[in-house]
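Please look through the following report with the sequence and the structure side by side.

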Amino acid sequence: MKGLILKDVMCLKKQLTVFCYVIVGVIIVSLLYALSARFGNLAEAGREMMRTDDMSHTDVRNIGTLALVLFMLLPIATIGDMANVFEADGKAGFARVSAALPVPRWKRLLSRYCTIYALFGIGVLIDVVLAAVLGALTDIITFSGLFGIIISCASIMSIYSALVIFFCILLGYGKEQYVQILSILVMAVSFILVNIGNIRKIANNVAANAEQNNGSGDLSFLFDALNFIKEKYWVLLLIAAGVSIGSYAASLALTERKRGVI
């Protein structure tokens, strides 16, 4: 199985190169941002907005946190997409070769999950180290808050990857672009169905606030979502674990029916 994991990593070689460049860029930009938010122009801009009552201290901190969230998302978001592995295997006809290997199907399938989650683990580890540094340099957000955001982002990407693996096996080679779109649609529809009541309430609040403020509205619903991923990251982690286990079980059942697909 180690050889299969190494093969999958080599299929993601281009993305790993991009990942390395992104890591360097994120480290530099994040450090500069944190220093500016504490000592430079961003800190002065925040104080000016609070003096003129444009924003409260909490709003300034939340906006600063949102910017940091975007930085922390990049390494995990660029770490890899298993659709590329399935596409490379399809072009090389690897399914016919793998069937002759002395490795059972459940191990061949498990290697895919191990590959992507190991790469996510590397991205999370790098982000955690960066979060510790940023937490010491800025008072915008604590290390625990950054840690929660990192785990939440990794959980969301894990859900996406688990769906990609399942749909790649279901639809077969040549449908990788449809798989990516379908995985995102499933996640979006699931989120809307689970939170339909909250979404309706948020939409009503936004419309009411926009009417009261001549169409400007506010960002309180966005800040609420930010607080959720910071403090309730364990919920997303449990959901990701459940989706991953379900994806593996369903994918294994498909591979038993569709021999030679992995």
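## Basis of the report

This is a predicted model, in which local features need pLDDT of at least 70 and side-chain atom pairs count only at pLDDT 80 or more, while totals for chains, interfaces and linings use all residues. Residues are numbered from 1 along each chain as its sequence is written, and side-chain values use heavy atoms, with hydrogens and water left out.

## The whole chain

The protein chain contains 12 helices and 0 strands, where helices (H or I, at least four residues) and strands (E, at least two) are DSSP runs numbered from the N terminus. Of its 262 residues, 37% count as buried, and buried here means under 20% relative accessible area, with exposed meaning over 50% and partly exposed in between (1.4 Å probe, protein chains only).

The protein chain exposes about 14300 Å², of which carbon and sulfur atoms supply 68%; such areas come from the Shrake-Rupley method with a 1.4 Å probe, and for residues only the protein chains shown count as cover. Among contacts (heavy atoms within 4.5 Å) between residues at least 6 apart in sequence, 80% join residues at least 24 apart.

## Helix 1 and helix 5

Two packed helices are described by the angle between their axes and the distance between the axes. The axes of helix 1 (residues 2-11) and helix 5 (residues 82-92) come within 9 Å and cross at roughly 100°; these axes are lines fitted to C-alpha atoms, for helices over the stretch in contact, and angles run from 0 to 180 degrees between N-to-C directions. Helix 1 and helix 5 are therefore roughly perpendicular to each other, a term that covers angles of 65 to 115 degrees, whereas angles under 35 count as roughly parallel, over 145 as roughly antiparallel and the rest as oblique.

On the side of helix 1 the contact is made by K7, D8 and C11, and on the side of helix 5 by V85, A88 and D89. By class, this contact has 3 nonpolar, no polar and 3 charged residues, with Ala, Val, Leu, Ile, Met, Phe, Trp, Tyr, Cys and Pro counted as nonpolar, Asp, Glu, Lys and Arg as charged, and the others, Gly among them, as polar.

## The nonpolar core

A nonpolar core is a set of buried Ala, Val, Leu, Ile, Met, Phe, Trp, Tyr and Cys residues joined through side-chain atoms within 4.5 Å. In the largest one, which has 52 residues, M72, I76, L134, I149, V164 and I165 touch the most other members. Several helices each supply at least two residues of this core, among them helix 2 (13-39), helix 4 (57-77) and helix 7 (105-137), while the largest share, 16 residues, comes from helix 8.

Leaving out residues up to four places away in sequence, L134 touches S30, L31, A34, L68, M72 and L146.

T115 lies in helix 7 and counts as buried because its relative accessibility is 2%; apart from residues up to four places away in sequence, T115 touches I5, D8 and V9. R112 is also placed in helix 7, and at 4% relative accessibility R112 counts as buried. R112 and M82 are 30 residues apart in sequence, and their C-alpha atoms are 7.7 Å apart in space.

G145 lies in helix 8 and is buried, with a relative accessible area of 8%.
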